Amino acid sequence: MKNSLQFSDLLSAVTVDCKDNGKEFVVTDRIGAIEHLLQGTEYRLVAHEPLALLFAKRVPLENEKVVLVSSHIDCVYSSCFCSDNGECFKGTFDNSFGNAAVLWCMLNDMLPANVVVAFTGDEEKDSHGVYQVLESLKKYGCGLSCAIVQDVTNVGWESGALFTIENDCGIDLITAYNMVSLLEPYNGRFAFRHFAEPDESWGYAECGVPCFTLCAPVGGNLHGDDGVLLRKESAAEYCKVLALLAGFLA
């Protein structure tokens, strides 16, 4: 059954506070919102670590190759907000936008069964959530073919890019070529940066996991309490591209 929410409602629902102390979550408003939104869906909580919650349509199978979507939920804002600003959303979207985008794909059945979605903590500091995700997947005995990290970025905002691909690491040449071919309809509307600001992809790469970050371009101070601008067109296309890439890699 498909989701009846508008994307704006979903974005507003998850643009709430969530913080951790590097060991465990201590403010859990966003976790509660995510769990509420996934109630009654086919997604189940397959692992609950102090700094990571993993959801999937089914428990990962032993020796199965899974695709991971890693979406950090910790934030540094004093207060969170989301508002309509005409052609843009305005709000504290690092990284509630990524959370909303993957939830949109989950609620609208846009992801294959071998995709695991991780909502992680400690990204803003040491990315301990990454290591807990990998430990959880190791317990199931499954393999990890690729990690798609979600974030927001200032890259591409001025040029009107719909999305960016950043911090790619360990992607083999054939897969990279096919990804570029897959994204050909967006030629000229997305930006690529091999080395970008640190995010969870650095942690996955350190552990030998092929990965890249799929970012949404925003205008403004990413960590500022005044919020950033996010083009509605970019939000819509980002969700499609996330599902497209997850399906291809699966």
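1. In which sense do strand S4 (residues 52–56) and S8 pair, and over how many bridges? In this predicted model, the two strands are antiparallel and are joined over four bridges. Within this pairing, Ala-52 has Thr-120 of S8 as its bridge partner.

2. Strand S8 also pairs with strand S5 (residues 65–72); here the strands run parallel, and six bridges join them. Leu-68 is the residue that stands opposite Val-116 in S8.

3. Strand S8 (residues 115–120) is mostly covered, with six of its six residues buried. Val-115, Val-117 and Phe-119 point one way from the strand, while Val-116, Ala-118 and Thr-120 point the other way. In a regular strand, side chains alternate between the two faces of the sheet.

4. Thr-92 lies in the loop between strand S7 (88–91) and helix H3 (96–107). Thr-92 counts as buried because its relative accessibility is 0%, under the 20% cut-off. Its side chain reaches the backbone nitrogen of Phe-81 at 3.0 Å. Leaving aside residues up to four places away in sequence, Thr-92 touches Thr-15, Tyr-77, Ser-79, Cys-80, Phe-81, Gly-224, Asp-225 and Gly-227.

5. The largest pocket holds about 390 Å³ of space. It is lined by 20 residues, of which Asp-151, Val-152, Glu-197, Pro-198 and Leu-222 are the closest to its centre. Strand S9 (residues 143–153) supplies the largest share of this lining, three residues. By class, the lining of the largest pocket comprises ten charged, six nonpolar and four polar residues.

Note on methods: Residues numbered from 1 in each chain as written. Predicted model: local features only at pLDDT ≥ 70, side-chain atom pairs only at ≥ 80, totals over all residues. Heavy atoms only, no water. Buried < 20%, exposed > 50% of the residue type's maximum accessible area, 1.4 Å probe, protein only. Polar contact = N/O pair within 3.5 Å; in protein donor to acceptor, adjacent residues only side chain to side chain. Contact = heavy atoms within 4.5 Å. 1 Å grid on protein atoms, 1.4 Å probe; cavity = no way out; pocket = protein on both sides within 12 Å on 5 of 7 lines; lining within 4 Å. Points joined across faces, edges and corners; volume = space filled by probe spheres on them. Nonpolar A, V, L, I, M, F, W, Y, C, P; charged D, E, K, R; others polar. Pairing = 2+ DSSP bridges.
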